[in-house]
Amino acid sequence: MVVLHGAGSRKENHADFARAASGYGWAALTFDQRGHGAAEDEMSPAAIGDVSRMARLLAATEGVDPSRVCVRGSSMGAFMAIHAAAVSDSIAGAIAICPAGEEHLLGGLRRGELEMRADEPALEAWLAEYDIREAVGRIGGKPLLLIHARGDEQIPYTWSEELYRHAAEPRKLIVLAGGHHRSAQHDAEVHGIALRWLERALG
């Protein structure tokens with residue numbers, strides 16, 4: 001499982017999910033995305049390629065089944081997970097928690113709300129060109145699990161409902177009562193539900 005943090009976060013903030021994944025028998029890899037933590041490069045469109053490279057790195061690790069490498073992201077990380085799963089043969093499935101869309105990220109970028117070092121002109125042009133709804137459709141038959149808190153104050157849960165309508169089977173949508181933008185990211189019960197569903201969906 002490649003674990004992707006959101007804007008303004010870093011790899012350490014998702015150690016709880018990495019530990020949970022390990023407890024369920026998954027190897028977990030977390031890393032700082034461009035523009036965050038110890039990463040040297042600015043956030044840019046090349047970040048999607050980083051996800052694929054991390055998936056290949058994990059697939060080459062002893063004890064890992066290369067046909068079952070998946071991605072799990074939250075907010076901007078979920079955006080990256082969906083786009084990477086749509087284009088990479090190295091990724092077998094995805095968990096997307098409160099996923100951001102291009103319009104959400106563009107708005108945050110223009111308002112200066114995304115706490116990250118970014119190549120803003122390149123990122124803005126890229127976000128204006130793509131549509132995550134189309135990426136969801138291109139995932140095809142890879143398992144996709146969407147999780148969203150109804151009380152999300154940044155990205156409405158109805159956005160995940162819309163993405164779900166564009167997804168093929170196997171797919172699942174979980175809308176949690178209450179909560180906020182980050183609550184589902186760190187819910188131990190949700191961790192277990194997500195990992196068990198993904199295991200079944202992979203066969």
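User: Why is His14 called buried?

Analyst: This is a predicted model, so everything here is computed from its atoms. Buried means under 20% relative accessible area, and His14 has 1%, so His14 is buried. His14 sits in the loop between β1 (2-4) and α1 (15-23).

User: What does His14 touch, leaving out residues up to four places away in sequence?

Analyst: Its partners are Val3, His5, Gly6, Ser9, Thr30, Arg72, Ser74, Gln185 and His186. As for Val3, 11 residues away along the chain, its C-alpha atom is 7.5 Å from the one of His14.

User: What makes Ile97 count as buried?

Analyst: The cut-off is again under 20%, and Ile97 comes in at 2%, so Ile97 counts as buried. Ile97 belongs to strand β4. Setting aside residues up to four places away in sequence, Ile97 touches Arg72, Gly73, Ser74, Ser75, Ala78, Ile147, Ala184 and Gln185. For another distance, take Ala177: Ile97 and Ala177 are 80 residues apart along the chain, and 14 Å separates their C-alpha atoms.

User: What about Ser75: which loop holds it, and why does it count as buried?

Analyst: Ser75 lies in the loop between β3 (70-74) and α3 (76-87). Its relative accessibility is 13%, and since buried means under 20%, Ser75 counts as buried. Ser75 also has a positive phi, of about 55 degrees, and it isn't a glycine either.

User: Why are α4 and α5 called roughly antiparallel?

Analyst: The axes of α4 (residues 102-110) and α5 (residues 120-129) cross at roughly 155 degrees and come within 9 Å. Angles over 145 degrees count as roughly antiparallel, and therefore α4 and α5 get that label. The crossing of α4 past α5 is left-handed.

User: Which residues make that contact?

Analyst: On the α4 side they are Glu102, Leu105, Leu106, Leu109 and Arg110, and on the α5 side Glu120, Leu123, Glu124, Leu127 and Ala128. Sorted by class, the contact has six nonpolar, no polar and four charged residues.

User: Which residues of α4 are buried, and what covers them?

Analyst: Glu102, Leu105, Leu106, Gly107, Gly108 and Leu109 are the buried ones in α4. Their cover includes α3, α5 and α6 (132-139). Just after α4, Gly112 takes a positive phi of about 75 degrees.

User: What is cis about Pro170?

Analyst: The peptide bond running from Glu169 to Pro170 is cis, and its omega is near 0 degrees. Pro170 is in the loop between α7 (157-166) and β6 (171-176).

User: Zooming out, how do you know that the radius of gyration agrees with a compact globule?

Analyst: For 203 residues, a compact globule would have a radius of gyration near 17 Å; the protein has 15 Å, which agrees. The C-alpha trace spans about 40 × 35 × 30 Å along its principal axes. Buried residues make up 51% of the 203. Among contacts with a separation of 6 or more, 72% join residues 24 or more positions apart.

User: How many helices and strands are there, and in what order do they run?

Analyst: Eight helices and six strands. From the N terminus the order is β-α-β-α-β-α-β-α-α-α-β-α-β-α.

Terms used:
Residues are numbered from 1 along each chain as its sequence is written. This is a predicted model: local features need pLDDT of at least 70, side-chain atom pairs count only at pLDDT 80 or more; totals for chains, interfaces and linings use all residues. Side-chain values use heavy atoms; hydrogens and water are left out. Axes are lines fitted to C-alpha atoms, for helices over the stretch in contact, and angles run from 0 to 180 degrees between N-to-C directions. Helices (H or I, at least four residues) and strands (E, at least two) are DSSP runs, numbered from the N terminus. Angles under 35 degrees count as roughly parallel, over 145 as roughly antiparallel, 65 to 115 as roughly perpendicular and the rest as oblique. A crossing is left-handed if the near helix is turned anticlockwise from the far one by less than a right angle, and right-handed if clockwise. Contact means heavy atoms within 4.5 Å. Ala, Val, Leu, Ile, Met, Phe, Trp, Tyr, Cys and Pro count as nonpolar, Asp, Glu, Lys and Arg as charged, and the others, Gly among them, as polar. The radius of gyration is taken over C-alpha atoms; the globule rule is 2.2 Å times the number of residues to the power 0.38. Buried means under 20% relative accessible area, exposed over 50%, partly exposed in between (1.4 Å probe, protein chains only).
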